[in-house]
Amino acid sequence: MATEFKLPDLGEGVEAGDVVSVLVAEGDTVEIDQSVVELETDKALVEVPSSVAGTITKIHISAGDRVPVGSLLISVEEGEKSVPEEPEAEAPTPAPKEEPEPRAPEPTPTRPPANGDPIPAAPSTRRLARELGVDLTQVAGSGPGGRISQDDIKAAVRDRQTGGIAPTAPVELPDFSRWGNIERQPLSKVRQIIAKNMSQAWQQVAHVTQFDRADVTDLEAFRQRNKEKAEALGAKLTPTVLALKAIITALKTFPQFNASLDTGANEIILKHYYNLGIAVDTERGLLVPVIKDVDRKDILELALELGDISDRARTSKIGLDELQGGTFTVTNLGSLGVGEFTPIVNHPEVAILGFGRAREEATVREGRIEPRLIMPLALSYDHRVIDGADGARFMRKIVDALENPELMLMGG
């Protein structure tokens with residue numbers, strides 16, 4: 001029996017991808033979980049595995065195609081399925097084709113009844129709501145009598161994803177060519193998604209940024225003493241690696257920084273796991289791969305993983321799951337010579353910590369002037385969740401950890 005294998009859901013926010021290469025040919029035998037196509041999405045380069053086993057009878061895509069989720073990729077003379085399809089309900093007579101639901105011109109949305117009466121919606125609309133996790137009691141129906149349509153469900157999902165904020169209308173620009181030669185360059189897919197995410201974060205989050213400085217002289221001495229040990233294992237003991245441990249110390253003390261705000265439910269979601277996003281500069285744009293369970297890994301493990309995940313982000317070999325699930329983000333512009341800057345919170349997280357370039361400065365210690373290595377820090381956070389005093393305490397906790405590396409790395 002021939003089976004159609006369609007592009008599955010690729011993860012949060014990914015609706016389509018560009019085919020880089022097809023990894024199989026017609027007549028090939030494909031196994032379950034065998035990669036059949038290499039796809040470039042807005043976030044990463046991924047290989048899509050087959051959910052069926054059998055002989056490929058037809059390939060429906062080719063390199064360069066843009067394929068949305070749900071598009072037909074290959075047809076397979078099936079041998080085995082990984083996930084059985086839902087059997088279609090049998091009926092004694094063919095079911096009538098469902099007609100599009102009537103939509104009145106310029107409808108006025110109506111809230112569903114609050115008195116326990118049935119919510120007016122077709123079975124297909126209810127099914128779509130269940131699949132997308134939409135509560136019908138919270139959806140305004142735009143059809144006659146407040147009837148909820150599938151378009152209403154999709155609109156509710158869009159509102160949930162954007163927090164109900166309407167997209168900003170494009171700004172009309174002057175004709176710059178009046179004053180000289182110009183060149184137009186199309187935004188890459190990654191740059192488009194960065195622009196969208198940054199705009200959403202700036203609109204959603206009540207940003208506050210606090211600055212501080214840490215004396216990392218002892219931290220750098222610790223790094224120099226141990227970097228050869230790390231290099232022997234193929235890892236680089238960078239300042240960012242050591243900073244991860246300082247951040248974990250602060251997050252465990254101040255859990256509201258490891259959280260998200262659910263405005264719909266008026267709740268703060270505290271996360272009892274520590275997945276830190278690391279901002280990585282790539283040729284395609286800024287990516288934020290996530291290191292999972294940072295609190296459970298030692299320094300050398302983190303050094304190895306940070307190097308690996310950063311390299312794969314730069315070469316577009318990172319999986320979509322490695323770009324999701326972060327609870328707090330770290331960005332380090334020190335390697336580029338930058339001092340102070342104001343990072344933007346990576347929504348739906350509530351805080352981000354930025355590190356600048358450490359510089360040797362003349363510092364007064366116990367009445368003596370000494371050269372010390374001073375690193376600037378910038379903490380941006382959502383003021384709806386975090387008060388300024390807590391922001392100051394969180395920052396001082398990180399500074400104390402960075403200035404006392406032996407105590408920090410021993411769990412103090």
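Visitor: How are α5 and α7 oriented to each other?
Guide: This is a predicted model, in which local features need pLDDT of at least 70, side-chain atom pairs count only at pLDDT 80 or more, and totals for chains, interfaces and linings use all residues. Residues are numbered from 1 along each chain as its sequence is written, and side-chain values use heavy atoms, without hydrogens and water. Helix α5 (residues 239–253) packs on helix α7 (residues 388–403) at an angle of about 140°. Angles under 35 degrees count as roughly parallel, over 145 as roughly antiparallel, 65 to 115 as roughly perpendicular and the rest as oblique, and the two helices are therefore oblique.

Visitor: Into which classes do the residues of the contact of α5 with α7 divide?
Guide: Contact means heavy atoms within 4.5 Å. Residues of α5 including Ala-243 and Ile-247 meet residues of α7, among them Phe-394 and Lys-397. Ala, Val, Leu, Ile, Met, Phe, Trp, Tyr, Cys and Pro count as nonpolar, Asp, Glu, Lys and Arg as charged, and the others, Gly among them, as polar. The contact residues comprise nine nonpolar, two polar and one charged.

Visitor: Is Asp-382, which meets Arg-384 in a salt bridge, buried or exposed?
Guide: A salt bridge is a side-chain nitrogen of Lys or Arg within 4 Å of a carboxyl oxygen of Asp or Glu; the N to O distance for Asp-382 and Arg-384 is 2.6 Å. Buried means under 20% relative accessible area, exposed over 50%, and partly exposed in between, with a 1.4 Å probe and protein chains only. Arg-384, at 40%, is partly exposed. Asp-382 has 2% relative accessibility and is therefore buried.

Note on methods. Axes are lines fitted to C-alpha atoms, for helices over the stretch in contact, and angles run from 0 to 180 degrees between N-to-C directions. Helices (H or I, at least four residues) and strands (E, at least two) are DSSP runs, numbered from the N terminus.
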